Amino acid sequence: MLVHGGRLKRAAKQFGIAESQWIDLSTGINPQGWQVPSLPTDCWQRLPEQDDGLETAAAEYYGCDVLLPVAGSQAAIQSLPYLRPSCRVGVPLIGYEEHRYNWQQAGHQLTHLASNQIDQLIDQLDVLVLINPNNPTGERFSPRQLLEWHASLAARGGWLVVDEAFIDPQSDTSLLQHCPLPGLIVLRSVGKFFGLAGIRAGFVFADQALLKPLAEKLGPWPLSGPTREACRQAFLDNSWQQKTRQHLSQQSQRLLRLLTQYFDSSNLQGTELFQTLSSPHASALFQHLATRGILLRLFETEQLVRFGLPNHPGDWQRLDLALAELPATLQSTTTDTSVNGAITTL
């Protein structure tokens with residue numbers, strides 16, 4: 001299985017620091033997530049039912065009613081490759097690795113693409129998988145550009161798969177306003193913006209011709225009763241959503257300002273939920289902060305390290321202090337693994 005962020009117990013053992021003493025910035029999840037209230041007893045004691053209001057609340061929140069609830073977008077990522085015969089699939093050169101891994105496991109022919117190569121190679125693909133905004137690079141694609149690629153693929157029965165797990169803070173750039181379209185598949189996650197990664201909930205948006213076989217593959221009750229009820233209530237909390245978008249924007253800018261005190265801003269890019277630094281010293285930076293009880297997400301091969309948002313004032317102070325203790329050699333950058341996916345040399 002692939003390595004992901006959030007492995008706090010492992011880090012605590014590796015570095016000999018108690019779990020309670022860590023600041024976990026490794027996941028890119030909203031640290032001030034929606035607070036789940038006490039849930040009705042029925043949702044714990046009865047099998048989940050589809051007429052409980054979840055789909056209606058989700059359709060209102062997302063602005064599209066052609067949807068399928070899934071056990072996190074990960075469930076769809078693992079299942080979609082098996083709904084097509086072997087074909088040519090373009091995946092990001094740098095991006096959430098589960099996409100690449102699962103299309104490869106299903107026997108498809110993969111092409112790893114930097115964003116500036118897509119126009120040149122789109123006619124050679126049957127499926128294009130993109131992450132918008134990209135995780136971990138933060139790169140964003142415009143709806144216009146995505147729709148152009150979709151049109152090229154759909155004209156010959158192809159798919160455009162867009163993972164929008166981190167788009168909620170700026171959802172006006174989502175492709176959901178164009179759904180459903182044949183060959184367009186959009187994945188959304190409840191875990192990042194709402195800070196509810198533990199309930200494992202997500203949604204797939206596509207035309208019914210694709211949602212039906214996907215639902216059959218996933219089987220009944222992909223979401224538990226408590227998960228459905230928690231999601232339903234979260235989608236209806238418009239006041240929290242509005243305040244959270246403002247808060248995340250402010251906190252993201254605060255994190256960017258802090259990091260640019262120590263690193264060149266040209267090597268930083270991110271979203272409202274994380275900032276990613278490209279540096280030839282990424283591994284050493286990860287180690288330096290880990291020895292001080294601050295867990296980052298290291299992408300060693302790509303020479304990237306991702307910073308999630310600190311939560312409490314003390315967390316911000318500890319991060320600032322740990323960065324201030326960096327040797328000057330770790331703050332310098334002589335090469336850039338380009339957070340937009342194209343490798344360059346400075």
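Predicted model: local features only at pLDDT ≥ 70, side-chain atom pairs only at ≥ 80, totals over all residues.
Contact here denotes heavy atoms within 4.5 Å. Helix H10 spans residues 238–259 and helix H12 spans residues 313–324; their axes come within 11 Å and cross at roughly 20 degrees. Because angles under 35 degrees count as roughly parallel, H10 is classed as roughly parallel to H12. The handedness of the crossing between H10 and H12 is right-handed.

On the H10 side, the contact involves Gln251, Arg254, Leu255, Leu258 and Leu259, and these residues meet Trp316, Leu319, Asp320 and Leu323 of H12. By residue class, the contact of H10 with H12 comprises six nonpolar residues, one polar residue and two charged residues. In general, an α-helix has 3.6 residues a turn, so residues three or four places apart point the same way.

Just after H5, Gly107 adopts a positive phi of about 90 degrees.

Two individual residues were considered next. Glu229 is located in helix H9, which runs over residues 225–236. With a relative accessible area of 12%, Glu229 falls under the 20% limit and is therefore classed as buried. A polar contact of 2.7 Å links the side chain of Glu229 to the side chain of Gln233. When neighbours within four places in sequence are left aside, the residues in contact with Glu229 are Leu39, Pro40 and Cys43.

Gly270 belongs to strand S9, which is formed by residues 268–271. The relative accessible area of Gly270 is 17%, and this residue is therefore also buried under the 20% limit. Residues up to four places away in sequence being excluded, Gly270 touches Thr137, Gly138, Arg140 and Gln275. A separation of 8.5 Å was computed between the C-alpha atoms of Gly270 and Ser252, which lie 18 residues apart along the chain.

Methods:
Residues numbered from 1 in each chain as written. Heavy atoms only, no water. Axes fitted to C-alpha atoms, helices over the stretch in contact; angles between N-to-C directions. Helix = DSSP H or I, 4+ residues; strand = E, 2+ residues; numbered from the N terminus. Parallel < 35°, antiparallel > 145°, perpendicular 65-115°, else oblique. Left-handed = near helix turned anticlockwise from the far one by under 90°. Nonpolar A, V, L, I, M, F, W, Y, C, P; charged D, E, K, R; others polar. Buried < 20%, exposed > 50% of the residue type's maximum accessible area, 1.4 Å probe, protein only. Polar contact = N/O pair within 3.5 Å; in protein donor to acceptor, adjacent residues only side chain to side chain.
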